Amino acid sequence: TIVALMQAGDRNEFKRAFAGATVHDCFNWLSVLVLLPIEVASGFLYRLTKVVVGSFKIQTGKDAPNLLGIITDPFTDHIIKLDKSVITAIAIGDESFRNKSLVKIWCITRTVQVQDNITVDGLDKCTTPEMCWQDRNYTWTLVNRTYKENIEKCNHLFVSSTMPDLVVGLILLAGSLVVLCTCLVLIVKLLNSMLRGQVANAIKNVINTDFPYPFGWLAGYLAMVVGAGITFVVQSSSVFTSAITPLIGIGVINIERAYPLTLGSNIGATTTAVLAALASPGDMLPSAFQ
């Protein structure tokens, strides 16, 4: 919808773009209105997914390939880096991490193991008989301790900041919206300048064409496959639907073709979630996959 607003300068373009944006909205809202009451009343989705997962012999795999991250990470890492260990600890309910900052300060650390002398109540409390001795009225033993040694700080804008996470988050939100809107305006202007005349007509004919009778219905399913494939590559249905919205606005893609592309995009988004779930530890794998 934000993408569509960037074409508000032209009434006809905005009308088409906003219609293309609300196709995605309508699909998601209708899915919620239909499936949520069924799930609340019967647990249908929970039971069905449990049966599906139970029928598979799933094994732990690798993380989903972050194809888009290869391009974006070198840039975003200079703006902010988050401490994923804190996120993971909060997610599993570790209250000791509740007030820790999500902003990553130290990028290179190492674990150091040292031996310390400690006092214990008696010889039976020693780690091993060989590592135990008495001195006056005390019994001493050796224990191995590990601690994390910080070596090198990260290199991002907020590494030395004393601002709370909320302020950092608001700054990043405002900055990202400015960058987003600027890029969207430039994308719309670029598409308008490029896709004119014969080029636009050729693309329209390819994207919006239908197969000859009686195979006309296949075009929609082919569009779903295309939408799913592109979304799998960019790993975001939002990126895909935001990219086609300006094309709908300038008339290159019609609304009828945008609908199956959007459906395919939603299917493609689930494949990346499945791959991410397969990277879970063995004991959490069935629940994550379900």
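Visitor: Which residue of strand 3 stands opposite Thr 109?

Guide: Asn 150 is the residue opposite Thr 109. The model is predicted, with local features requiring pLDDT of at least 70 and side-chain atom pairs pLDDT 80 or more, while totals for chains, interfaces and linings use all residues. Residues are numbered from 1 along each chain as its sequence is written, and side-chain values use heavy atoms, without hydrogens and water.

Visitor: How many bridges hold strand 2 to strand 3?

Guide: Strand 2, residues 132–135, pairs with strand 3 over four bridges in the antiparallel sense. Asp 135 has Tyr 138 as its bridge partner in strand 3. Strand 2 and strand 3 form a hairpin with two residues between them, and Arg 136 in that turn has a positive phi of about 60°.

Visitor: How do you know that Cys 107 and Cys 154 form a disulfide?

Guide: The test is a pair of cysteine sulfur atoms within 2.5 Å. The S to S distance of Cys 107 and Cys 154 is 1.9 Å, so the pair qualifies as a disulfide. A search of the whole structure finds one disulfide. The pair links distant parts of the chain, 47 residues apart: Cys 107 is in strand 1 (residues 106–120), and Cys 154 is in the loop between strand 3 (138–153) and helix 6 (165–194).

Visitor: Why is this disulfide called right-handed?

Guide: The torsion about the S-S bond of Cys 107 and Cys 154 is about 110°, hence the label right-handed.

Visitor: What makes Glu 149 and Arg 110 a salt bridge?

Guide: A side-chain nitrogen of Lys or Arg must lie within 4 Å of a carboxyl oxygen of Asp or Glu. The closest N and O atoms of Glu 149 and Arg 110 are 2.7 Å apart, so the pair meets the cut-off. Glu 149 is partly exposed at 27%, and Arg 110 is partly exposed at 46%.

Visitor: How many salt bridges does the rule give?

Guide: The count is two. Arg 98 and Glu 95 form a salt bridge, with closest N and O atoms 3.5 Å apart. Glu 95 counts as exposed at 54%, and Arg 98 as partly exposed at 40%.

Visitor: Why are helix 2 and helix 10 called oblique?

Guide: Angles under 35 degrees count as roughly parallel, over 145 as roughly antiparallel, 65 to 115 as roughly perpendicular, and the rest as oblique. The axes of helix 2 (residues 11–42) and helix 10 (residues 255–278) come within 10 Å and cross at roughly 40°. Helix 2 and helix 10 are therefore oblique to each other.

Key:
Buried means under 20% relative accessible area, exposed over 50%, partly exposed in between (1.4 Å probe, protein chains only). Two strands pair if DSSP finds at least two bridges between them. Axes are lines fitted to C-alpha atoms, for helices over the stretch in contact, and angles run from 0 to 180 degrees between N-to-C directions.
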